[in-house]
Amino acid sequence: MIRVGILGATGYAGAELVRILRGHPDVEIAVITSRQYAGVSFSDVYPAMRGIMDMPCREYHIDHFVNQVDVVFTALPHKLPMSVVPELMAHQIKVVDLSADFRFRNVPVYEKHYQHHTAGKLSESAVYGLSEIHAEKIRTASLIGNPGCYPTSLLLPLIPLIAHKMVKTGSIIADAKSGVSGAGRSISLGTHFCEVNESFKAYKVADHRHIPEMEENLSIAAKEPVQITFVPHLVPMTRGMLTTIYAELCQPASENDIREHLESYYHDRYFIRICREGIFPDVSHVKTTNFCDIGLKVDKRNNRIVLVSVIDNLVKGAAGQAVQNMNLMMGLDERTGLDSVPLPV
Ligand SMILES: NC(=O)c1ccc[n+]([C@@H]2O[C@H](COP(=O)([O-])OP(=O)(O)OC[C@H]3O[C@@H](n4cnc5c(N)ncnc54)[C@H](OP(=O)(O)O)[C@@H]3O)[C@@H](O)[C@H]2O)c1
């Protein structure tokens with residue numbers, strides 16, 4: 001059995017980790033942490049878990065982890081993981097960090113958009129956990145910077161085209177719509193029921209912190225600097241994310257050519273599903289699953305490709321991909337514990 005610890009287990013991403021790992025056949029959850037709920041049973045925080053996960057939360061202390069866990073998931077706000085990950089790793093514990101702290105190879109870019117990094121060297125050696133793209137590196141990694149939800153939904157459809165010089169790198173525009181759980185569990189005016197219900201708004205227009213993460217990874221795939229325009233939106237649903245990407249094709253190409261290219265790029269990747277001609281994905285098709293569904297259309301009049309991707313922000317966009325990465329790191333089939341059947345409606 002793989003013994004795991006979850007830091008920040010009572011947040012939305014952490015609770016999703018508990019849900020997935022509780023059903024993982026090769027995992028035993030050894031310790032879960034929370035400051036506010038230290039000493040409180042997880043099922044008292046999330047009553048749906050009664051009888052399923054009654055373990056009490058603990059305050060974080062390194063002694064609860066040394067020789068007691070093999071892998072730790074840090075589902076904490078950014079800035080906190082960089083202070084705990086070095087000591088966990090010093091005790092040969094593998095880490096999958098869900099925050100932004102270890103996503104950047106270029107640490108000055110992280111520092112420009114977040115804050116001073118106190119474990120910059122570790123960040124440079126971490127592996128970016130976009131499972132389908134970096135599976136080989138992930139298998140031998142000790143520290144994974146798990147991707148953000150918006151970057152996951154944008155990079156999975158775009159990297160195969162960027163890497164094969166099929167789209168003009170200076171022409172990429174994307175917009176994405178996220179469910180409110182993307183903002184986490186803590187209370188804020190912007191995610192208050194009356195502020196989001198029956199409404200729909202753009203926010204952080206062309207200014208979201210996930211843009212440098214997307215650009216770093218697109219630039220690596222393109223082998224040249226890539227800049228994009230990206231606009232996120234908040235929609236009144238609990239979970240789910242739909243991203244639409246528009247880009248100019250380098251050469252005229254048929255929709256079939258591009259679909260075949262995506263299908264062949266991801267031919268052995270269970271969690272990527274390319275939609276048939278005329279079918280576009282719906283967030284409800286991937287709810288609670290680790291799938292990323294991708295639809296596409298060539299706008300022949302303008303020589304543009306339009307790509308539409310959907311993920312569950314809490315699963316493929318956070319906890320599911322984190323577990324997929326743990327599976328790869330621990331030599332398991334990447335699907336283990338993640339093969340739940342989608343909800344038909
Ligand atoms: N939500 C998503 O869709 C999503 C997607 C991708 C990545 N992520 C990343 O996952 C991480 C967790 O996100 P989340 O949405 O689960 O957030 P959240 O719901 O706000 O949960 C944060 C967790 O961290 C704990 N925590 C410990 N110290 C804290 C501190 N000083 N301030 C605030 N919380 C503290 C909280 O519990 P206590 O306060 O009791 O300690 C809680 O368990 C973030 O880095 C986020 O960027 C989230």
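**Ground rules.** I number residues from 1 along each chain as its sequence is written. The model is predicted, so I hold local features to pLDDT of at least 70 and count side-chain atom pairs only at pLDDT 80 or more, while totals for chains, interfaces and linings use all residues.

**Domains.** I looked up how the chain is divided and got domain 1 (2–125) and domain 2 (150–313); these bounds come from an automatic or database domain assignment. Taken over C-alpha atoms, the centres of the two domains are separated by 27 Å. Domain 1 puts nine residues into the contact and domain 2 puts in seven (contact is C-beta atoms, placed from the backbone, within 7 Å). I sorted the domain 1 side by class: four nonpolar, three polar and two charged residues. For the classes, Ala, Val, Leu, Ile, Met, Phe, Trp, Tyr, Cys and Pro are nonpolar, Asp, Glu, Lys and Arg are charged, and the others, Gly among them, are polar.

**Ligand shell.** Which residues come nearest to the ligand? Out of 28 around it, they are Gly8, Gly11, Ser99, Gly184 and Arg185 (near is a C-beta atom, placed from the backbone, within 6 Å). I see at least three shell residues from each of domain 1 and domain 2. By class I get eleven nonpolar, 15 polar and two charged. Helix α1 (12–22) and α12 each supply at least two residues, and the largest share, three residues, is from α1. Helices are DSSP runs of H or I with at least four residues, numbered from the N terminus.

**α1 on α12.** I find the axes 9 Å apart at an angle of about 45° (axes are lines fitted to C-alpha atoms over the stretch in contact, angles run from 0 to 180 degrees between N-to-C directions). Among the residues in contact I noted Ala13, Glu16 and Leu17 of α1, plus Val315 and Ala318 of α12. Nine are nonpolar, one polar and one charged.

**α6 on α12.** Helix α6 (residues 131–139) comes within 9 Å of α12 (residues 315–329), axis to axis, crossing at roughly 35°. Ser131, Ala135, Ile138 and Arg139 of α6 meet Gln321, Gln324, Asn325, Leu328 and Met329 of α12. These split into four nonpolar, four polar and one charged.

Methods: Contact = placed C-beta atoms within 7 Å.
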